[in-house]
Amino acid sequence: ANRGEIACRVMKTCRKMGIKTVAVHSDVDANAVHVKMADEAVCVGPAPTNRSYLNMDAIMDAIRITGAQAVHPGYGFLSENKEFAKRLAAEDVVFVGPDTHAIHAMGDKIESKLLAKAAKVNVIPGFDGVVEVSYPVMIKASAGGGGKGMRIAWNDDETREGFRLSSQEAASSFGDDRLLIEKFVDNPRHIEIQVLADKHGNALWLNERECSIQRRNQKVVEEAPSTFLDPDTRRAMGEQAVQLAKAVKYSSAGTVEFLVDSKKNFYFLEMNTRLQVEHPITECITGLDLVQQMIRIAKGFPLVHRQEDIPINGWAIESRVYAEDPYKSFGLPSIGRLSQYQEPISLPNVITLCFLYLVTYGATRAEALQKMEDALDHYVIRGVTHNIPLLREIITNPRFISGDITTNFLPEEYPEGFTGHRLTPEGRRELLATAAALYISAQLRSQRFMGNLRVSTTSQEQSQWELQVELEKKSHLVSLSRSGSSFTVEVDGGSVEVSGEWNLASALLPLSINGNPRVLQCLSRDATGQITLQYLGTQFKLRVLSRLAAKLTGHMPEKVPEDTSSILRSPMPGSVVAVSVKPGDMVAEGQEICVIEAMKMQNSLIAARAAKVKSVHCKAGETVGEGDLLVELE
């Protein structure tokens with residue numbers, strides 16, 4: 001399996017089954033977790049994926065050297081590559097997945113829909129041949145997946161633009177620029193059915209996964225089961241998924257994805273001929289180990305379960321933890337050096353695997369959601385920007401809790417973009433009180449070094465303080481009194497009781513605030529009173545000052561913010577695909593300036609206003625970092 005969590009996931013089951021494992025890795029991944037976890041490891045090339053993890057010759061050599069009998073492809077890379085499966089079959093090595101016919105048939109979106117239609121599976125109108133459909137339409141890469149090469153178009157101009165960007169993404173990601181256009185189902189749910197089929201004609205559906213919370217057609221939060229499906233719709237979707245699997249003689253674990261409208265009409269979207277990232281939530285509610293089932297099927301064993309044996313026990317939720325900035329288009333790629341990482345593994349019924357998913361399981365949906373909330377608060381990631389603020393807001397959103405969701409959830413709930421947690425008056429008082437109490441605790445702690453008293457700005461005997469706390473460009477007067485490890489804080493006309501161990505060396509800050517348990521994280525603090533706290537998932541920057549220091553800060557000059565309407569900076573690290581302007585050109589508001597590719601997704605950057613181009617600081621093929629200056633306008 002490809003590097004990362006899925007390789008570890010496969011190895012965990014292999015170890016349980018008494019099967020020895022071999023990890024493949026590039027030279028820079030020699031110390032990766034999956035390499036250490038395997039019984040053997042083979043380097044298959046340098047860092048670029050086309051010279052290592054996608055290098056079939058090197059992987060075939062690794063198989064011969066180690067005498068491997070089977071290959072589990074995981075997901076990504078060669079997991080759905082029929083040529084790789086053919087090469088394994090030619091050398092009598094078992095591919096833990098479907099045969100090449102099924103991979104080919106389901107890997108092409110056009111062919112897969114034709115097969116689905118023939119198998120009497122509901123399909124979306126407009127994909128086969130010349131068909132007149134009204135706007136909106138969905139433009140898709142025929143060989144695509146993972147949200148790449150997909151665009152929604154509402155008019156002719158957006159169709160032309162979407163065709164250009166989607167075909168470029170498709171060629172870059174899949175080496176195949178063919179596209180299909182079909183009717184776009186407005187406000188749909190994205191619900192998928194897990195199937196399991198053996199080589200003896202038996203097939204099962206293992207219930208559904210709700211995957212409607214997405215950004216850029218890529219999943220963010222999934223759950224099993226769905227709040228929307230009734231038993232009859234679930235059965236109808238499951239039976240159609242099995243019909244399709246049998247039609248292509250499918251054998252292994254696979255996923256059939258559907259769009260479901262508000263009236264519970266469902267339409268085939270695509271079939272993934274591999275294990276899915278979100279497979280653990282199906283395992284939680286059914287009790288089946290899908291990797292174990294895949295290995296047994298690959299060996300030739302028949303399924304031991306019948307359809308009536310497949311239960312729905314409890315509720316499972318998965319949050320995808322990404323190294324992304326959620327404040328930019330709900331998540332643009334982020335890079336950096338990971339300085340601290342601590343998973344919430346001490347909590348019960350929590351499954352984590354590094355920077356990919358966080359799964360919680362409960363007897364009810366409410367219990368699973370509460371565990372997810374706690375797990376996100378206990379998840380420590382420092383050094384790179386991550387999407388935990390967005391994940392926590394989603395799972396505590398009243399609309400999400402009610403189950404009223406579609407694939408448009410994020411843009412509908414945050415039409416101006418995600419801005420983090422919005423503080424209520426009570427929440428603001430809690431945050432201000434915590435920052436003030438933390439500041440005083442740090443002052444008291446600084447009085448001692450190696451058990452001895454030293455000079456401090458705070459008297460050890462003092463038990464009352466008057467401070468000023470700045471938050472979101474507003475100043476708040478705060479009064480504190482201390483008794484042991486507890487503080488009573490008067491702020492904004494209210495009283496807040498804050499108590500805890502105040503262990504400033506710990507990544508987590510477990511507190512009791514007005515009798516309610518809260519877990520905060522102190523991300524940074526300095527001698528000037530600047531404190532950054534992660535509270536309810538979102539980072540807040542505060543400044544705590546004594547009344548005298550606050551009075552003196554009024555004499556400090558303010559930094560003038562940059563005029564962003566005259567410049568265009570890269571919102572993310574990536575490579576420049578195209579530059580559409582040159583110095584002297586006149587541009588209209590909203591006109592494309594350049595295209596940046598990041599994580600195989602192409603992003604069109606536009607002019608904020610009508611102006612003349614003063615200078616261009618980038619060219620096609622260059623690599624740019626986040627914040628790099630691209631174009632200046634007069």
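Is Phe-77 buried, partly exposed or exposed, and what is its relative accessible area?

## Backbone features in loops

In this predicted model, Phe-77 is partly exposed, with a relative accessible area of 32%. Phe-77 belongs to the loop between strand 3 (70-71) and helix 4 (82-90), and its phi is near 45°, a positive value in a residue other than glycine.

Lys-473, which is not a glycine either, has a positive phi of about 65°, and this residue is found in the loop between strand 22 (464-471) and strand 23 (474-483). With a relative accessibility of 90%, Lys-473 counts as exposed, because the cut-off for that class is over 50%. Another backbone feature is the cis peptide bond between Ala-224 and Pro-225, where omega is about 0°; Pro-225 lies in the loop between strand 10 (218-224) and helix 8 (231-247).

## Helix 5 against helix 6

The axes of helix 5 (residues 100-107) and helix 6 (residues 109-118) come within 5 Å of one another and cross at roughly 100°, which makes helix 5 roughly perpendicular to helix 6. On the side of helix 5, the contact is formed by His-104, Ala-105, Met-106 and Gly-107, which meet Lys-109, Glu-111, Ser-112 and Leu-115 of helix 6. By residue class, this contact divides into 3 nonpolar, 3 polar and 2 charged residues.

## Burial of helix 9

Helix 9 (residues 279-286) is mostly covered, with 8 of its 8 residues buried; among them are His-279, Pro-280, Glu-283 and Cys-284. Just after helix 9, Gly-287 takes a positive phi of about 80°.

## Aromatic rings and charges

The structure holds 11 aromatic pairs. In one of them, the ring centres of Phe-487 and Trp-502 are 5.7 Å apart and the ring planes stand at 90°, so the pair is edge-to-face. This pair links distant parts of the chain, 15 residues apart, with Phe-487 in strand 24 (residues 486-491) and Trp-502 in the loop between strand 25 (494-500) and strand 26 (509-513). Both Phe-487 and Trp-502 are buried. Elsewhere, ring pairs link Tyr-327, Phe-330, Tyr-414 and Phe-418 into a cluster.

Charged side chains also lie over aromatic rings: Lys-264 is placed over the face of Phe-228, at 5.2 Å from the ring centre, while the charged end of Arg-365 sits over the ring of Phe-400, 5.0 Å from its centre.

Note on methods
Residues are numbered from 1 along each chain as its sequence is written. This is a predicted model: local features need pLDDT of at least 70, side-chain atom pairs count only at pLDDT 80 or more; totals for chains, interfaces and linings use all residues. Side-chain values use heavy atoms; hydrogens and water are left out. Axes are lines fitted to C-alpha atoms, for helices over the stretch in contact, and angles run from 0 to 180 degrees between N-to-C directions. Helices (H or I, at least four residues) and strands (E, at least two) are DSSP runs, numbered from the N terminus. Angles under 35 degrees count as roughly parallel, over 145 as roughly antiparallel, 65 to 115 as roughly perpendicular and the rest as oblique. Contact means heavy atoms within 4.5 Å. Ala, Val, Leu, Ile, Met, Phe, Trp, Tyr, Cys and Pro count as nonpolar, Asp, Glu, Lys and Arg as charged, and the others, Gly among them, as polar. Rings of Phe, Tyr and Trp (its six-membered ring) pair if their centres lie within 6.5 Å; planes under 30 degrees apart count as stacked, over 60 as edge-to-face and the rest as tilted. Buried means under 20% relative accessible area, exposed over 50%, partly exposed in between (1.4 Å probe, protein chains only). A charge sits over a ring if NZ of Lys or CZ of Arg is within 6 Å of the ring centre and within 35 degrees of the ring normal.
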